[in-house]
Amino acid sequence: MTKDILLDLYTDYLISSCGLATATSMSAVLDNQVSHDSVTRLLSSGYISSRRLWSEVRPMCEEIEQDDAVLIIDDSVEAKPYTDCNDLIQWHFDHTEGRSVKGVNFISAIYHSWEMSLPVGVSFIKKDTVYKDKTGKEKRKSGTSKHEYFRELINHSHQRLSLRYVLSDSWFACADNMKFVVETCGRDFIMAIKENRKVAVSKEDKALGKYISIKEAVSEGCVRPVYVEQLDFPILIAKQVFKNGDGVAGTLYLASSDLNLSYEQITTIYQKRWKVEEYHKSIKSNTSFPQSPTKRVMTQQSHFIASILAYVKLERLKIKKSKNHFALKSLMVINATKAAWITLQHLDGKRAA
């Protein structure tokens, strides 16, 4: 059996599974027609990689490609509290939790066009450098920063795909990343920025070093061109006030290199960034991303990428069946529960309903 076929079976299994995703379980589901050793060898081989992910999604991207598509970059932490630490499974700060979490930290690039959101690249934060802090305590850090991964993912994508905007949250909204998107890649960005950023409201003020906070520079529902100290080009900023699901008001400041956008355009385009949150939620809930008990870095990373490939299958089915990922998973779970019910009736000597 080729690796292509085995990977196809494995991603189907990840979508279908509702518990721990193990090689032994997959073999049993397939009536032992595929040995658990062959699955383990696949995960250990290095065949399931970011390069493999790109080769899988490239034809789909070409079908939906358009000039005003967006590339969304974001990172996420998936907790793995019961897995031993290694270069991949480490303590990472999770901004959604506001604390450090033991698990895997990964950065994804999502190409969004028409109604599809396709992961075109993924990088894993590996804390492979050991050092001692000021107290002499041994710690680990990554030899490559998140910002470097951010730029690598954009560089990979902009050379291969038509796109207009790069979208990200405030974590990646540093001047070096903004310069890279505009000056190196020739694209525009829309990024959330923190309210403590300082801006100059004119070129003259920038030359004089006269800066004010963006809270003072722009009003709710408005946009304004401003200058920041580290950039040679002006950016557009906007202030959006919104209410979350609990009715609590929040404020979001956005920055864009496209000075021609209106307030409605900048907020509407940035809303597409939510697609990456849907992607994170789906791989964690629907394609067994956190469900592998693998212990080695290679097998763990292979499983995580296979889970992302399984997401791509669900994204294709979403269009074909006009059902979202959770509706598709729910349909499978209901049918699996029905089959388990019938099996139970037979085991208990009852007539199946």
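User: Is K284 buried, partly exposed or exposed?

Analyst: This is a predicted model, in which local features need pLDDT of at least 70 and side-chain atom pairs count only at pLDDT 80 or more, while totals for chains, interfaces and linings use all residues. Residues are numbered from 1 along each chain as its sequence is written, and side-chain values use heavy atoms, with hydrogens and water left out. Buried means under 20% relative accessible area, exposed over 50%, and partly exposed in between (1.4 Å probe, protein chains only). K284 has a relative accessible area of 23%, so K284 is partly exposed.

User: Which residue meets the side chain of K284 in a salt bridge?

Analyst: A salt bridge is a side-chain nitrogen of Lys or Arg within 4 Å of a carboxyl oxygen of Asp or Glu. Side chains of opposite charge can pair when their charged atoms come close. For K284 the N to O distance is 3.7 Å, and the partner is E78.

User: How many residues apart are K284 and E78?

Analyst: The salt bridge between K284 and E78 links distant parts of the chain. Helices (H or I, at least four residues) and strands (E, at least two) are DSSP runs, numbered from the N terminus. K284 sits in helix α10 (residues 274–286) and E78 in strand β1 (residues 70–79), a separation of 206 residues.

User: What is the relative accessible area of E78?

Analyst: K284 is partly exposed, whereas E78 counts as buried. The value for E78 is 13%.

User: What is the N to O distance in the salt bridge of E97 and R99?

Analyst: E97, at 48% relative accessibility, is partly exposed. R99 is also partly exposed, at 46%. Their side chains meet at 3.9 Å.

User: How many salt bridges does the count come to?

Analyst: Among the residues involved, D4, R52 and E56 are linked in a network. By the salt-bridge rule the count comes to 16.

User: Is α4 roughly parallel or roughly antiparallel to α11?

Analyst: Axes are lines fitted to C-alpha atoms, for helices over the stretch in contact, with angles from 0 to 180 degrees between N-to-C directions. Angles under 35 degrees count as roughly parallel, over 145 as roughly antiparallel, 65 to 115 as roughly perpendicular and the rest as oblique. The axes of α4 and α11 come within 10 Å and cross at roughly 10 degrees. That angle makes the pair roughly parallel.

User: How many charged residues are in the contact of α4 with α11?

Analyst: Contact means heavy atoms within 4.5 Å, and here S50, L53, E56, V57 and M60 of α4 meet I305, I308, L309, V312 and R316 of α11. Ala, Val, Leu, Ile, Met, Phe, Trp, Tyr, Cys and Pro count as nonpolar, Asp, Glu, Lys and Arg as charged, and the others, Gly among them, as polar. By class there are seven nonpolar residues and one polar residue, and the charged residues number two.

User: How far apart are the end C-alpha atoms of helix α11?

Analyst: Helix α11 (residues 297–321) has 25 residues, of which 18 are buried. The expected span is 1.5 Å times one less than the number of residues. For α11 that gives 36 Å, and the end C-alpha atoms agree with it, at 36 Å.

User: Which elements do the buried residues of α6 pack against?

Analyst: In helix α6 (residues 175–184) the buried residues are A175, N177, M178, F180 and V181. Just after α6, G186 takes a positive phi of about 70 degrees. The buried residues pack against α5 (146–158), β7 (165–168), β8 (188–193) and β13 (249–256).

User: Where does W114 lie?

Analyst: W114 has a positive phi, near 55 degrees, in a residue other than glycine. Its relative accessible area is 57%, so W114 is exposed. The place of W114 is in the loop between β3 (99–113) and β4 (116–124).

User: Which residues does S17 touch, not counting those up to four places away in sequence?

Analyst: S17 is in the loop between α1 (3–16) and α2 (23–29). At 11% relative accessibility, S17 counts as buried. With that sequence limit, S17 touches S288 and K329.
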